[in-house]
Amino acid sequence: MKDWKAKTAMQLLTAAAALAMIMALCSWKAFFSGCQALQKDVLRLHILAQSDSADDQRLKLLVRDRILEGTAGWLSGSKEEMMAKIEARLPEIEAMAEEALAEEGCSLPVRAELAQSFFDTRTYGEKTMPAGRYDALRVVIGEGEGKNWWCVLYPPLCLPAAEADALLDETFSAEEQAVLDGGNQFKIRFWTVEMIEQAKNWLCSVTATGDKLEGGISPSAEGDQGLCPLESRDFLKKIE
C-alpha cells in the first residue's frame with residue numbers, strides 16, 4: 001500500500017513538473033512572439049548628436065523639439081502611411097533641424113533617413129521596449145557621434161504619458177502589451193532577448209561590412225544600420 005502511494009505521489013509530481021515546464025515554455029514563446037511583433041509594428045525616432053559636449057547635447061534637444069513640433073500636423077495614420085509621408089518629406093525634416101541649429105549659430109549639416117537600426121532594451125515611463133532592430137527615422141547631426149535621444153513615432157509615445165497609454169491600448173495586441181508592461185516582471189526574458197539581438201546585430205554588421213569590402217567600398221561606422229539579411233522575427237522563430 002505504501003509503495004502504491006509513493007508511486008502515485010511520484011507520478012503526480014512528475015506530471016505537475018511536466019505541466020509547469022510546458023506552461024513556462026508557452027509563456028516564453030508568447031513573450032518572444034510579442035517582441036517580434038513589436039519590432040514589426042513600431043516606428044522609432046532616433047536623433048544622434050554631433051558629440052557628447054554639453055552644447056551639442058543641448059542642440060540635439062532643440063532639434064528634437066523642432067522636429068516633433070514641425071511634424072505633428074502630418075505624422076498620422078498607420079505605420080506604413082507614416083513611413084511613406086516621412087520618405088516623401090525627408091528634405092523638409094532636414095531643413096527643420098538645420099533651421100533650429102542655425103538659430104543657435106550652428107552650421108552643422110543634418111541627415112534624415114528611414115533606416116533599420118538596432119536599439120538595446122529601453123524604458124519609456126512604465127513601458128519597456130525590447131532590444132532589436134526597428135524601423136526608425138534617424139536624424140544625424142554632423143558626425144552623429146554623441147549620445148542619442150529616442151522615442152516612438154508609431155504609435156506616438158512622444159506624446160504625454162496619458163495620451164500615449166490610450167494609444168497603446170488601441171494599437172497593440174495583448175501579447176505586445178504584456179511585453180511592454182513586463183519590465184519588472186520579465187527581467188531575465190528581456191536580458192535573453194537582448195543577448196540574442198546583440199548577436200544577430202553583430203552578424204548583420206559583419207555581413208554588411210563584408211558586402212561593402214567586396215564591392216570595393218570602405219566600411220563605415222554605420223555599416224550595421226542598413227537592412228539586415230536576418231530579420232529579427234525570423235531569427236527568433238528558429239530558436240523557438
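The chain has eight helices and six strands, where helices (H or I, at least four residues) and strands (E, at least two) are DSSP runs numbered from the N terminus. This is a predicted model, in which local features need pLDDT of at least 70 and side-chain atom pairs count only at pLDDT 80 or more, while totals for chains, interfaces and linings use all residues. Residues are numbered from 1 along each chain as its sequence is written, and side-chain values use heavy atoms, with hydrogens and water left out.

**Overall organisation**

- From the N terminus on, the order of elements is α-β-α-α-α-β-β-β-β-β-α-α-α-α.
- Of the 240 residues in the chain, 40% are buried; buried means under 20% relative accessible area, exposed over 50%, and partly exposed in between (1.4 Å probe, protein chains only).
- Among contacts in the chain with a separation of 6 or more, 73% are between residues 24 or more positions apart; a contact means heavy atoms within 4.5 Å.

**Helix H2**

- Helix H2 spans residues 54-71, has 18 residues and reaches 26 Å from its first C-alpha to its last, close to the 26 Å expected at 1.5 Å a residue. The expected span of a helix is 1.5 Å times one less than its number of residues.
- The buried residues of H2 are Asp56, Gln57, Leu59, Lys60, Val63, Arg64, Ile67 and Thr71. They lie on the same side of H2 because they cover an arc of only 155° around the axis, the arc being that of the directions from the helix axis to the C-beta atoms.
- Ala54 and Glu69 are exposed, on the face of H2 turned away from its buried side.
- The cover over the buried residues of H2 includes strand S1 (43-48), helix H4 (90-102), strand S5 (132-141) and strand S6 (148-154).

**Packing of H2 against H4**

- H2 and H4 pack at an angle of about 135°, and their axes are 9 Å apart. The angle makes H2 oblique to H4.
- Axes are lines fitted to C-alpha atoms, for helices over the stretch in contact, and angles run from 0 to 180 degrees between N-to-C directions. Angles under 35 degrees count as roughly parallel, over 145 as roughly antiparallel, 65 to 115 as roughly perpendicular and the rest as oblique.
- Leu59, Leu62, Val63, Arg66, Ile67, Gly70 and Thr71 of H2 meet Ile93, Met96, Ala97, Glu99, Ala100 and Leu101 of H4.

- In helix H3 (residues 79-88), the buried residues are Lys79, Met82 and Ile86. Their arc of only 65° around the axis puts them on the same side of H3.
- Glu80 and Ala88 are exposed on the other side of H3.
- Helix H4 has 13 residues and reaches 18 Å from its first C-alpha to its last, close to the 18 Å expected at 1.5 Å a residue.
- Leu90, Ile93, Met96, Ala97, Ala100 and Leu101 are the buried residues of H4. They cover an arc of only 135° around the axis, so they are on the same side of H4.
- H2, H3, strand S2 (110-119) and S5 are among the elements that cover the buried residues of H4.
- H3 and H4 pack at an angle of about 70°, with their axes 4 Å apart. That angle makes H3 roughly perpendicular to H4.
- Ile86, Glu87 and Ala88 of H3 make this contact with Leu90, Pro91 and Ile93 of H4.

**Individual residues**

- Phe32 is placed in helix H1 (residues 2-41) and counts as buried because its relative accessibility is 8%.
- Phe32 and Val193 are 161 residues apart in sequence, yet 7.6 Å apart in space, C-alpha to C-alpha.
- Glu104 lies in the loop between H4 and S2; its relative accessibility of 39% is why Glu104 counts as partly exposed.
- Not counting residues up to four places away in sequence, Glu104 touches Arg58, Leu59 and Leu62. Glu104 and Leu62 are 42 residues apart in sequence and 9.4 Å apart in space, C-alpha to C-alpha.
- Tyr154 and Pro155 are joined by a cis peptide bond, with omega about -15°. Pro155 is found in the loop between S6 and helix H5 (161-171).
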